[in-house]
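Please keep the sequence and the 3D view at hand while reading.

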Amino acid sequence: MATAGYYAVMAAYGRVTVDSSLRYDKRAKTVHRCEIADTRGRLSLTVPVSVPHGLEGRMRWDMVRVSRHGEWWRLQRTALESAYGRTPYFEFLIDKFDTMLADPGSPDTAPSVIDLDRMADETIRHIIGLDNDVRWAPATDDDGDDMRRRDFTMAGMPVYRQLRADRIGFVDNLSVLDLIFNLGPESAFYLKELQSRIF
């Protein structure tokens with residue numbers, strides 16, 4: 001799940017096209033990885049992927065499926081409970097992610113990485129009250145500002161309430177999950193503050 005910076009930029013536009021035809025690149029971990037803060041600081045959560053064999057030509061992320069390897073959905077649920085179980089909004093929001101934190105099934109029926117990202121994005125936007133028009137489709141030249149290669153991390157991010165900040169300090173540029181579990185409905189106000197620093 002993307003960072004708060006990503007959602008601050010997304011909120012600045014009335015209409016957004018998320019390019020679902022991006023070429024698969026195994027080095028692009030942000031497509032299926034996010035960072036949260038646990039008791040020791042940053043922790044990466046990765047969804048393993050299954051790359052189809054025997055495909056000719058250019059492979060896209062929407063062709064790559066989520067893998068069952070290591071029962072990652074159980075490990076990630078446990079990691080989220082450990083990291084955010086004591087935050088003010090965790091118990092009210094965690095069930096909204098049940099579809100994403102479930103056994104993806106067999107390789108033939110598992111969702112693509114893009115499908116999983118889309119489900120997560122719709123859930124996040126609903127929680128933070130972001131109601132802009134988001135289309136998941138191949139990008140075209142008519143789509144306006146191209147942000148596909150933009151880095152959404154920020155130096156000097158404004159500080160917000162984090163559960164363990166008194167012990168490990170503020171951890172910046174985490175998944176938007178950190179923001180919503182710590183701030184809940186106040187997340188929208190934080191994103192507006194971020195926008196004022198980005199634009």
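## The model

The structure is a predicted model. Every value in this report is computed from that model.

## The nonpolar core

The largest nonpolar core has 54 residues. Within this core, the residues with the most contacts are Tyr7, Leu80, Phe97, Ile180 and Phe181. Helix H4 supplies the largest share of the core, namely 7 residues. H4 spans residues 113-128.

What does Phe181 touch, once residues up to four places away in sequence are set aside? Its contacts are Leu80, Tyr84, Thr87, Pro88, Tyr89, Phe90, Leu93, Ile94 and Phe97.

## Helix H1 and its surroundings

Helix H1 runs over residues 4-11. Of its 8 residues, 7 are buried, so H1 is largely enclosed by the rest of the structure. The buried residues are Ala4, Gly5, Tyr6, Tyr7, Ala8, Val9 and Met10. A residue counts as buried when its relative accessible area is under 20%.

Which elements do the buried residues of H1 pack against? They pack against strand S1 (15-19), H4, strand S6 (133-137), H6 and H7.

Two packed helices are described by the angle between their axes and the distance between the axes. For H1 and helix H7 (residues 187-198), the axes come within 9 Å and cross at roughly 80°. An angle of 65 to 115 degrees counts as roughly perpendicular, and H1 and H7 are therefore roughly perpendicular to each other. On the H1 side, the contact is made by Ala4, Gly5, Tyr7, Ala8, Val9 and Ala11. On the H7 side, Tyr190, Leu191, Leu194, Gln195 and Ile198 take part.

Helix H6 covers residues 176-183. H6 and H7 pack at an angle of about 130°, and their axes are 9 Å apart. These two helices are therefore oblique to each other. Leu179, Ile180 and Leu183 in H6 meet Ser187, Tyr190 and Leu191 in H7. Tyr190 and Leu191 of H7 also belong to the contact with H1.

## Salt bridges

How many salt bridges does the structure hold? There are 14 salt bridges. One of them joins Arg60 and Asp62, where the closest N and O atoms are 2.9 Å apart. Arg60 is partly exposed, at 28% relative accessibility. Asp62 is partly exposed as well, with a relative accessible area of 29%.

Arg77 forms salt bridges with Asp95 and with Asp98. Between Asp95 and Arg77, the closest N and O atoms are 3.7 Å apart. Asp95 lies in the loop between helix H3 (90-93) and H4, and Arg77 lies in helix H2 (residues 72-84), so this pair ties together parts that are 18 residues apart in sequence. Asp95 is exposed, at 51% relative accessibility, whereas Arg77 is partly exposed, at 22%. Between Asp98 and Arg77, the closest N and O atoms are 2.7 Å apart. Asp98 lies in the loop between H3 and H4 and Arg77 in H2, so the pair ties together parts that are 21 residues apart in sequence. Asp98 is partly exposed, with a relative accessible area of 35%. Through shared partners, salt bridges join Arg77, Glu81, Asp95 and Asp98 into one network.

Ser112 is placed in the loop between H3 and H4. Is Ser112 buried or exposed? Its relative accessibility is 3%, so Ser112 counts as buried. Its side chain reaches the backbone nitrogen of Asp115 at 3.0 Å. Apart from neighbours within four places in sequence, Ser112 is in contact with Trp61, Asp62, Val64, Arg65 and Val66. Asp62 is also the salt-bridge partner of Arg60.

Arg118 is found in helix H4. Arg118 is partly exposed, with a relative accessible area of 25%. From C-alpha to C-alpha, Arg118 and Arg135 are 9.7 Å apart in space, while in sequence they are 17 residues apart.

Conventions
Residues numbered from 1 in each chain as written. Predicted model: local features only at pLDDT ≥ 70, side-chain atom pairs only at ≥ 80, totals over all residues. Heavy atoms only, no water. Helix = DSSP H or I, 4+ residues; strand = E, 2+ residues; numbered from the N terminus. Buried < 20%, exposed > 50% of the residue type's maximum accessible area, 1.4 Å probe, protein only. Salt bridge = Lys/Arg side-chain N within 4 Å of Asp/Glu carboxyl O. Core = buried A, V, L, I, M, F, W, Y, C linked by side-chain atoms within 4.5 Å. Contact = heavy atoms within 4.5 Å. Polar contact = N/O pair within 3.5 Å; in protein donor to acceptor, adjacent residues only side chain to side chain. Axes fitted to C-alpha atoms, helices over the stretch in contact; angles between N-to-C directions. Parallel < 35°, antiparallel > 145°, perpendicular 65-115°, else oblique.
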